[in-house]
Amino acid sequence: MKCRVAVIGAGVVGLCSAVRIQDSLGDDLEIVIYTEDKSPNTTGDVAAGFWAPYFIQNTPTEKIIQDCVILGGTHQINDWNVNPTNVDTTFILDGCAQLVPALKGAKIIKHQVGLRPGRDFVKLELENRNVDGKIVHIIHNYGHGGCGVTLCYGCGGEVAELARVVLRNIRKSKL
Ligand SMILES: Cc1cc2nc3c(=O)[nH]c(=O)nc-3n(C[C@H](O)[C@H](O)[C@H](O)COP(=O)(O)OP(=O)(O)OC[C@H]3O[C@@H](n4cnc5c(N)ncnc54)[C@H](O)[C@@H]3O)c2cc1C
């Protein structure tokens, strides 16, 4: 019988974990992804909007700025203010215009503030939780803060290694 793996979340971290489990543990698994939102409504999609102007060094500006571009952001620990401030707005607009001068004077459609949860360390560990007398193996992989796109592939690999240990033990116990 195939072992069943549930992945919660379809952002870069969840999807990468699913892909790396699949790649490394083969086809005798049934992986199901459960999610509230998927692309384009995940944080990773927002981050990709921010990436393009920075990393694609020689791309002509008109290819980067099409109908709409997202500019951001700030990194302020313990700032819970969800209203835009003039200081932050100026910081973002000036910083982005330095990277892509064509943004100077662009029409602003709206300002939005979101809170980005983070922790000092990523929580990536195995927990064997007793749920109604049955042991459920949970691999936590969250808390990437502003680095989830960078870390998702490597963390996905560590998740796959933990899953390998769990599956080996399950199979041994069934022999
Ligand atoms: C403007 C911006 C710029 C960024 N720049 C960078 C960068 O340059 N480099 C970098 O590495 N990172 C960057 N980040 C951070 C990066 O985007 C995040 O760390 C990463 O997207 C987190 O991925 P995730 O899969 O954990 O979360 P998300 O992409 O938010 O996905 C979470 C998933 O979980 C699902 N979910 C949530 N709650 C539930 C529930 N109760 N039940 C079921 N499903 C649920 C959601 O629907 C979603 O599918 C940036 C972020 C922003 C906003």
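Predicted model: local features only at pLDDT ≥ 70, side-chain atom pairs only at ≥ 80, totals over all residues.
Residues are numbered from 1 along each chain as its sequence is written.

**Ligand shell.** I listed 30 residues around the ligand, and Gly 9, Gly 11, Thr 43, Ala 47 and Gly 148 come nearest. A residue is near a molecule if its C-beta atom, placed from the backbone, lies within 6 Å of it. Helix 1, helix 2 (43-55) and helix 5 (148-174) are the elements that give two or more residues to this shell. Helices (H or I, at least four residues) and strands (E, at least two) are DSSP runs, numbered from the N terminus. By class I found twelve nonpolar, 14 polar and four charged residues in the shell; Ala, Val, Leu, Ile, Met, Phe, Trp, Tyr, Cys and Pro count as nonpolar, Asp, Glu, Lys and Arg as charged, and the others, Gly among them, as polar. The ligand shell lies between domain 1 (3-38 + 119-174) and domain 2 (43-103), because both give residues to it. The domain bounds come from an automatic or database domain assignment.

**Helix 1.** I noted 14 residues in helix 1 (residues 12-25), with 20 Å from the first C-alpha to the last, close to the 20 Å expected at 1.5 Å a residue; the expected span is 1.5 Å times one less than the number of residues. Its buried residues include Val 12, Leu 15, Cys 16, Arg 20 and Ile 21 (buried: 20 or more other C-beta atoms within 10 Å of its own; exposed: 12 or fewer; partly exposed: in between; C-beta atoms placed from the backbone). Gly 26 follows helix 1 and has a positive phi, near 80 degrees.

I found strand 3 (residues 123-131) and strand 4 (residues 134-142) antiparallel and joined by nine bridges; two strands pair if DSSP finds at least two bridges between them. Arg 129 stands opposite Val 136 of strand 4. Two residues separate the strands of this hairpin, and Asp 132 in the turn has a positive phi of about 50 degrees. Asp 132 counts as exposed, with 5 C-beta neighbours inside 10 Å.

**Loop between helix 3 (61-64) and helix 4 (86-99).** I placed Gly 73 in this loop; the peptide bond from Gly 72 to Gly 73 is cis, with omega near -5 degrees. Asn 78 also has its place between helix 3 and helix 4. Although not a glycine, Asn 78 has a positive phi of about 65 degrees. Asn 78 is exposed, with 4 other C-beta atoms within 10 Å.
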